Amino acid sequence: MAQADAVPNGTNTTTHSPPGRLPQQLEGGKGLPGADNVLEVTDLRKYFPILRGFFRRHVGEVKAVDEVSFHVARGETLALVGESGCGKTTTGRCVMRAIEPSGGSVLFRKRDGEEIDITSLTRPELRSVQQHMGMIFQDPFSSLNPRLTVLEIIGEPFVTRKLITSRRELEERVAQLLRSVRLDPTYMRRYPHAFSGGQRQRIAIARALALDPDFVVADEPVSALDVSVQAQILSLLKELQSELHLTYLFITHNLSVVEYLSDRVSVMYVGQIVELGRTDSIFRQPRHPYTEALLSAVPVVETGKAGRRRERIILEGDVADPSNVPAGCTFHPRCPYVQDICRVEEPQLVDLAGSNGSLPHFVRCHFAEELDLQGVRNSPQ
Amino acid sequence: MTQSPLLLSVDNLATHFFSQEGILEAVDGVSFDIHAGEALGIAGESGCGKSVTAQSILRIVPKNGKIVMGEISLFQNGESVDLVQLDDRGQEIRQIRGGEIAMVFQEPMAAFSMVYTIGNQITEVIRLHQDCSQNEARDRAIEMLRRVGMPKPEQTIDAYPFALSGGMRQRAMIAMALSCHPALLIADEPTTAVDVTIQAQVLELMKDLQRDMGMALIVITHDLAVISELCDRVMIMYLGKDVESAPADVIFRDPKHPYTIGLLRSVPELGEGHSQELDPISGSVPSPYRRPSGCPFHPRCPEFIPDVCDVHLPPQIELAGGHRVRCHLYVQD
C-alpha cells in the first residue's frame, strides 16, 4: 500500500499536497473509454416495484435508475450530481451491488487487469471483489457502530476476512490507517461518540480504505458536516487520491464540490443521465437546459468581484415523480426552452464531440446543438 | 436603511442551558439592531447559538434554557416592549408570536401538524390574531397561498401536509408565517432541507415578499451564499459570541475576523475551477461545555497571539461603516 510518508502526528490538521504529485494516470487518457477503466457501467437499471393492497399486487414501477451507462477511468473522479430522487445514490449502490440492479452490466477491472462482471457474481465471489471497493457514507453519526471502538471499526474488515490474525499486527495496521487520515493513533480505543463529526468522517474514510481498494464510492461525504470541516475532508480526499492512486465515484448534490473535486461529471435527472462530460467544459458551457438551471440556481457569495452576477434561471415546479415519468423528455414540464417535439419524443444520449473531435460530451436533449446556454462565467482555461 | 425606524433591538443577550453536564452558554452577550424592512443574516456553524438567539426573541427557548441577561426590545407604534420581561406563556407574547414576529423553520414537516389540512392550520393562525369569521380567514389563507406561488390554492388549501412536495410545504409554511403580516420574519435555515432548484425558488420568493410587504427579516443559516443573496447586514457568530457584524457588501468584500475569513475560504466557490486551493480552518468547533478561555476562536486561529488571545475576551471594536469585530488584531480608533 502506498502509504503516506510524511504524516503529521495526530493533530486534526490537514496538509496541502505538494504540487506535482498527481499520479500519471491523471495526466493522460483521462475520460477516454477502453484504455484503463476501473468501471464500465452499461444500461444499468433499477426498478422498484410498487405493490398495492392485501395481495401486494404489482401495480407499477419506480424507475429509480433507467439505462444509465458510464465509465470511470483509473485515477479519476467521476461525480454523479442531481437533486434528490434522481437516482444518484441508487446508481452508486447498484455499482457496489449493495442493492441488486434490475438489469444492465457493471464491469470492474482490477489493478492487475482482470475483468469481472459484478452483476453476474455469486455472493462469495462478490465478497472477494468488494475488497477492492470502499464506500463512504453521508452521515458519520449513523455509519459508525457506537458500540465498537475505532480499532474494532477499522479492523473489522481484516478480522472478518481473516487477513490478520495477530492482535499486534492488527493494531499496527489500524494505527497506520489512522495516521493516513491525519488522526492520532492513540485514540484507537475510544468509541465514536468521543469524536467530532469531522473526525468521525475521517474514521469512516480509514475504514473504507482499510483493504487498500482501487475504487471508492463516496456518497455525499461532506453534506452532514460543518462548513469549516467540509473543506478539511475535501482536501483530505484529494490528497488521499494522489497518494493512494484512488479512483472515486463521488455522489453529491453540491455543484461547488463537484467543480472542486471531479474530473468528469454526470448530471442525472429522474433516473437518467442528461449530461456527461469533462467538468470544466460542462461548467463553462452546459449543453442541457437542466444543467444550466442547476448551475444558475447555486447561490454565490457576493464578494464584489466583477462579473460574478449571473442571470438566475428559476425552474418552475418540482422534480418529476420517477413512478410517473412525463412522456417525451422527462425534463420538458420544467424546461424553459421546451418545444413540441420534447413533449412527444424521448431524446437519446448523444455524443456532441463527434462533430469537432474534442473530448466526449454526452447530452440528452433534442436541441443540444442549437441552444446557447450560460455556464459559470469565470471558469479558468 | 438607516432612515427606517428601529424595530427590534437586542442588547447583551445571554441564554444559558442548565444540564447535568454543566452550564452551556449557548448565547453569551450578543447585541444587534434591526430596522423596519431590513434583512439581517446570522451565520455560523453548529453550536454557535444562532438558533437559540432566534428562540430567545420568540421566547421559545427549550425548558432547560433560560435568558440570564440582556434586553430584547420590540418597538411597535412608538412604544417598546422588553420581550425578556414577558411571561413566556402569557397573553402578550402569544400575541407577538405569529402576529408581530413570525418564524419559518428548516423542516416544514415539523412545523405542520400531520392530522389537519394546511388550510385548517393557516386559518387557525389568522383567527387567533385577527378578528374575522371562518370564511374571511379562509379567503385570506387562499390569498396568502396564491401570494407564495402555490398552484391551485383553492384546492391545495384542503391538502394535508404529507400530500405536498418539499418545495410546496416550504411555501405553505411561509404562507402560514406571513398570514398575519408580521413586522419581522425569522427564517431558521429556510432552504437547508430542499434541493438546489427549489432553494432558488424559495430564495426568490422570500426576496419578493420581503420587498412587497416591507417586513424585516432575520435569516439564520450556515450558508453564507444564502445570506449574500438575501441580506443587508450580516452577523457572524461563534460559540455564542457575535464575532463580527457588518453590512453584507462590506463583510464579504473585506472580512476582518480570522473566523469569517476562514469560513469564506473554506467553501469551494462555483466558477473557480478544479485547481482552486481550499484553506480550511484547522480543528473543529469545540464542545460548548469546554469553551476555550479568552477569545473562543483562539485554538483554531491562524493569527493567535499567545498570552493575549487565550487570556482576554476581545472587546467589540467599532470600525468605519458600521463594521463591528471582536478580535485583538484590531484597535478602536
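Predicted model: local features only at pLDDT ≥ 70, side-chain atom pairs only at ≥ 80, totals over all residues.
## Overall shape of chain B

Along the principal axes, the C-alpha atoms of chain B fill a box of roughly 65 × 50 × 45 Å.

The chain is built from 11 helices and 12 strands. Buried residues account for 50% of the 333 residues in chain B. Looking at contacts in chain B between residues at least 6 apart in sequence, 62% link residues at least 24 apart.

## An open sheet and the helix across it

Let us turn to one sheet in chain B. Four strands form an open sheet here, in the order 2-1-4-5, and their pairing is antiparallel. At the edges sit strand 2 (22-35) and strand 5 (79-82) of chain B, each of which pairs on one side only. On average, neighbouring strands of this sheet are turned by 10° against each other, direction ignored.

Strand 5 of chain B pairs with strand 4 (residues 65-76) of chain B in the antiparallel sense, over 4 bridges. Within this region, S80(B) in strand 5 is the bridge partner of F75(B). In general, strands of a sheet pair through backbone hydrogen bonds, in either a parallel or an antiparallel way.

Helix 1 (residues 50-58) of chain B lies across strand 1 (6-19), strand 2 and strand 4 of chain B, and it runs at about 70° to strand 2 of chain B.

## Where chain A meets chain B

How many residues of each chain take part in the contact between chain A and chain B? There are 44 from chain A, in contact with 40 from chain B. On the chain A side, the elements giving two or more residues are helix 7 (227-244), helix 8 (255-261), helix 9 (279-284) and helix 10 (289-297). Helix 7 of chain A provides the largest share of that side, with 8 residues.

## Confidence in chain A

The average pLDDT of chain A is 84, and 87% of the residues score at least 70. One stretch deserves a careful look: over residues 1-33 of chain A, pLDDT stays under 50. For that stretch, the model has 58 contacts beyond four places in sequence.

Technical notes: Residues numbered from 1 in each chain as written. Chains lettered and ligands numbered in written order. Buried ≥ 20, exposed ≤ 12 C-beta atoms within 10 Å, placed from the backbone. Contact = placed C-beta atoms within 7 Å. pLDDT = per-residue confidence, 0-100. Pairing = 2+ DSSP bridges. Axes fitted to C-alpha atoms, helices over the stretch in contact; angles between N-to-C directions.
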